[in-house]
Amino acid sequence: MLHDIMPGTEDLLNKGMASGYIGFDPTADSLHVGSLAQIMTMIHFQRAGHKPFALVGGATGMVGDPSGKSAERNLLSEDVLQHNLDGIKKQLEKFLDFNSGSNSAQMVNNYDWFKEFTFLNFIRDVGKHITVNYMMAKDSVKNRISGDTGMSFTEFTYQLVQGYDFYYLWKNHNCVLQMGGSDQWGNIVTGTELIRRKDAGDAYALTTQLIKKSDGSKFGKTEGGNIWLDPEKTSPYKFYQFWLNTSDADAKTYIRIFTLFDQQTIENLETEQDAAPHLRVLQKALAKDITIRVHGEAEYEKAIKSSEFLFGNTGIEFLNELSDAEVIGLFEGIPNYTITLNQLKQGINASDLLAVETAVFPSKGEAKKMIQGGGVAINKVKINTAEDIYNIDALINNKFLVVQKGKKNYFLIIVE
């Protein structure tokens, strides 16, 4: 996981308990899998006996994206920010121990020390210590790559704010180490430099490699967007499938980063994977470990049953264990149609249900032909004839009918 480390950091960590922090973006009320690498860094940090601080940038969240390029980092109100902070704290508690004595994890919000900090005080106490020339030199490599010739005043101030966060935590919480992704190195060393120039203090930096997929695409993104840790935003089933669908090459990397398995366990799993790749042993172990860590054992078991329902022989009764939202989430991306409860109360024959009231088939003729061939089922039961009648007695959870064309083509009929 390690990408770069400031000289002296390893000696610091070997001396005894140290305090270190990682910053998290509060622009949503949930973290996503892109945050997991840094969460795992904090887990390792705390397991090694150190004290982790999770800095959630309430003040910087109010600024939004200083470059103006990110649609995901808009300016937020104080109420929305507090809601987001509460959601993130709840998620971090699944990974970190906030009640372990001297090295208990602690969450801090930079809005707490910036809300009364005037602009003049900021320029006096921070700005005079870090020059524009220093910031430009620090970012020269980035600028050469991007073609930028300079940074906006907002970007300059934003980086000073991040540097001051480190100074504040160093001064008030004895926080001597900042950790983050390798793209944060410049911001981190701005903090160490501010600590050195302002108070002649020592502070350290450690960065991890940015997680990338073996095909070069961005980790944690799908066609549907972010994979969130919040089950309301990304269902546990979809979360499990994200990890299960990892390529063999990526699984060998991810299982080292996102689990706490020891080396021997991982090497044994790799041996099994190499002997029978089609069994996807690595992916299953990876998906199970992370899903249980994020969502718990019960939701993992439900995700397994959901997979078996869609791709195996699990009976329709399983859907009765799910909420309406979970049923809809299970069939996300699968064609769905809505009919009224009154329509179904009167009874509808199969061909009308599938080709008139819905568009499972383009015509009643095609529906009849496939039904006669035994290739259509409703609620996992084959339709005998096109004239079979369906009414409210057939509903799953008093709301759904599940249609199958062949074995794998599903359609969901929602009755309202």
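## Exercises on strands, helices and a loop

At 68% relative accessibility, N398 is classed as exposed (over 50% relative accessible area; buried is under 20%, partly exposed in between, with a 1.4 Å probe and protein chains only). This is a predicted model, in which local features need pLDDT of at least 70, side-chain atom pairs count only at pLDDT 80 or more, and totals for chains, interfaces and linings use all residues. Residues are numbered from 1 along each chain as its sequence is written, and side-chain values use heavy atoms, leaving out hydrogens and water.

**Exercise 1.** Find where N398 lies and what its phi is near.

*Solution.* Start with the place: N398 sits in the loop between β13 and β14. Strands here are DSSP runs of E with at least two residues, helices are runs of H or I with at least four, and both are numbered from the N terminus. Next, take the backbone: phi of N398 is near 60 degrees, a positive value in a residue other than glycine. Now look at N397, in the loop between β13 (389-390) and β14 (400-405); its phi is near 55 degrees, also positive.

**Exercise 2.** Work out how strand β2 (residues 19-24) is covered and paired.

*Solution.* First, check burial: 5 of the 6 residues of β2 are buried. Second, look for partners, given that two strands pair if DSSP finds at least two bridges between them. Strand β3 (residues 51-56) runs parallel to β2, joined by 6 bridges, and G23 stands opposite L55 in β3. The chain gets from β2 to β3 through helix α2 (residues 36-47), a right-handed β-α-β crossover (with the strands pointing away from the viewer, the path from the first strand over the helix to the second runs clockwise). Third, strand β5 (residues 175-181) pairs with β2 in the parallel sense over 3 bridges; there, Y21 faces Q178.

**Exercise 3.** Classify the packing of helix α11 (residues 236-244) against helix α15 (residues 297-311).

*Solution.* Begin with the geometry: the angle is about 75 degrees and the axes are 9 Å apart. Axes are lines fitted to C-alpha atoms over the stretch in contact, with angles from 0 to 180 degrees between N-to-C directions. The two helices are therefore roughly perpendicular (65 to 115 degrees; under 35 is roughly parallel, over 145 roughly antiparallel, the rest oblique). Then list contacts, meaning heavy atoms within 4.5 Å: P236, Y237, Y240 and Q241 in α11 meet residues of α15 including Y300, I304 and F311.
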